[in-house]
Amino acid sequence: MAGGSRMGALARQIGRAEWPILLASLAAAGAIWAFVELADEVVEGSTHAIDRRLLLALRSEADPAEPLGPAWLEEMMRDFTALGGVGVLTLLTVGAVGYLFLTDKWRAALAVLLSVAGGILLSTLIKMGFDRPRPDLVSHGSYVYTASFPSGHSMMAAVVYLTLGALLARVQSPKRAKAYILVSAVLLTILVGISRVYLGVHWPTDVLAGWAVGAAWALLCWVVTLWLQAEGKVEREAV
């Protein structure tokens with residue numbers, strides 16, 4: 001009877017997870033498809049004209065070296081771009097992993113760590129594969145040392161903020177709190193991407209590609225985590 005009860009509870013848990021897993025899987029597939037289509041256009045050079053137009057639209061016509069807006073806006077954009085930097089994202093990840101470990105959720109901590117580490121590896125491999133040069137139309141407002149496509153800041157912001165946002169949202173009961181957390185995660189990801197174009201260090205299509213592949217990776221990791229939670233291999237969230 002005890003075994004049957006445990007099996008019944010597991011079946012109900014898997015049933016509750018089916019729709020989130022299905023929807024997240026479809027969203028991830030859509031993001032992957034968008035990235036593949038965009039990458040194909042970039043390789044063919046079809047996006048160069050619109051990339052150039054959008055990048056220059058954010059610069060002064062009199063002096064393309066100067067971004068539009070007052071000096072404080074440029075400084076704010078540097079602050080936003082730092083939110084997708086290695087240092088900030090590393091601190092956030094270590095903090096989240098440490099918290100999960102201290103609250104006896106070491107398998108969930110490992111899942112977050114592997115999600116972020118896998119995202120970094122994936123970003124590096126894709127950059128090496130495309131090896132697209134950085135924009136040379138304007139001076140860069142931020143130090144860069146890697147290839148341009150896709151935007152690593154945009155991709156890793158999506159991976160970290162969406163992964164942590166989904167984790168935090170699932171431990172909240174009020175729907176308003178869940179929505180607030182998820183919207184905040186998306187907003188942070190968007191701000192990082194916009195700042196990269198504003199500072200002239202990325203083409204707009206680099207950022208779109210980073211968002212697409214980063215969101216796809218975060219969603220796939222979330223699907224795996226949901227499935228493992230349903231199987232009892234990762235700690236379930238508190239309710």
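Contact here means heavy atoms within 4.5 Å. The model shown is predicted.

**View 1**
The protein chain has 8 helices and 0 strands. From the N terminus on, its elements run α-α-α-α-α-α-α-α. The chain holds 239 residues, and 40% of them count as buried. Take the contacts between residues at least 6 apart in sequence: 76% of them join residues at least 24 apart.

**View 1. Ser 195 sits buried in a helix.**
Ser 195 belongs to helix 7. Its relative accessible area is 0%. The cut-off for buried is under 20%, so Ser 195 counts as buried. Leaving aside residues up to four places away in sequence, Ser 195 touches Met 77, Phe 80 and Thr 81. Ser 154 is 41 residues from Ser 195 in sequence. In space, the two are 9.5 Å apart, C-alpha to C-alpha.

**View 2. Helix 3 crosses helix 7.**
Helix 3 covers residues 71-82. Its axis and that of helix 7 come within 8 Å and cross at roughly 130 degrees. That angle makes helix 3 oblique to helix 7. The crossing is left-handed. On the helix 3 side, the contact is made by Leu 73, Glu 74, Met 77, Phe 80 and Thr 81. Helix 7 brings Leu 191, Val 192, Ile 194, Ser 195, Arg 196 and Tyr 198. By class, the residues of this contact divide into 7 nonpolar, 2 polar and 2 charged.

**View 3. Helix 6 packs against helix 7.**
Helix 7 spans residues 175-198. It packs with helix 6 at an angle of about 175 degrees, and the two axes lie 9 Å apart. Angles over 145 degrees count as roughly antiparallel, and helix 6 and helix 7 are therefore roughly antiparallel to each other. From helix 6, the contact residues include His 153, Ser 154, Ala 157, Ala 158 and Tyr 161. Further along helix 6, Leu 162, Gly 165, Ala 166, Leu 168 and Ala 169 also take part. Among the helix 7 partners are Lys 178, Ile 181, Leu 182, Ala 185 and Val 186. Leu 188, Thr 189, Val 192, Gly 193 and Arg 196 of helix 7 join them. The contact of helix 6 with helix 7 has 13 nonpolar, 5 polar and 2 charged residues.

**View 4. Helix 5 packs against helix 6.**
Helix 5 runs over residues 106-130, and helix 6 over residues 152-169. They pack at an angle of about 160 degrees, with axes 10 Å apart. That makes helix 5 roughly antiparallel to helix 6. Helix 5 passes helix 6 in a right-handed crossing. Helix 5 makes the contact through Val 112, Ser 115, Val 116, Gly 119, Ile 120, Leu 122, Ser 123 and Lys 127. Helix 6 answers with Gly 152, Met 155, Met 156, Val 159, Val 160, Leu 164 and Leu 167. This contact comprises 10 nonpolar, 4 polar and 1 charged residues.

Gly 30 is in helix 1, residues 2-44. At 36% relative accessibility, Gly 30 counts as partly exposed. Gly 30 and Ala 212 are 182 residues apart along the chain. Their C-alpha atoms are separated by 8.8 Å.

Definitions and conventions:
Residues are numbered from 1 along each chain as its sequence is written. This is a predicted model: local features need pLDDT of at least 70, side-chain atom pairs count only at pLDDT 80 or more; totals for chains, interfaces and linings use all residues. Side-chain values use heavy atoms; hydrogens and water are left out. Axes are lines fitted to C-alpha atoms, for helices over the stretch in contact, and angles run from 0 to 180 degrees between N-to-C directions. Helices (H or I, at least four residues) and strands (E, at least two) are DSSP runs, numbered from the N terminus. Angles under 35 degrees count as roughly parallel, over 145 as roughly antiparallel, 65 to 115 as roughly perpendicular and the rest as oblique. A crossing is left-handed if the near helix is turned anticlockwise from the far one by less than a right angle, and right-handed if clockwise. Ala, Val, Leu, Ile, Met, Phe, Trp, Tyr, Cys and Pro count as nonpolar, Asp, Glu, Lys and Arg as charged, and the others, Gly among them, as polar. Buried means under 20% relative accessible area, exposed over 50%, partly exposed in between (1.4 Å probe, protein chains only).
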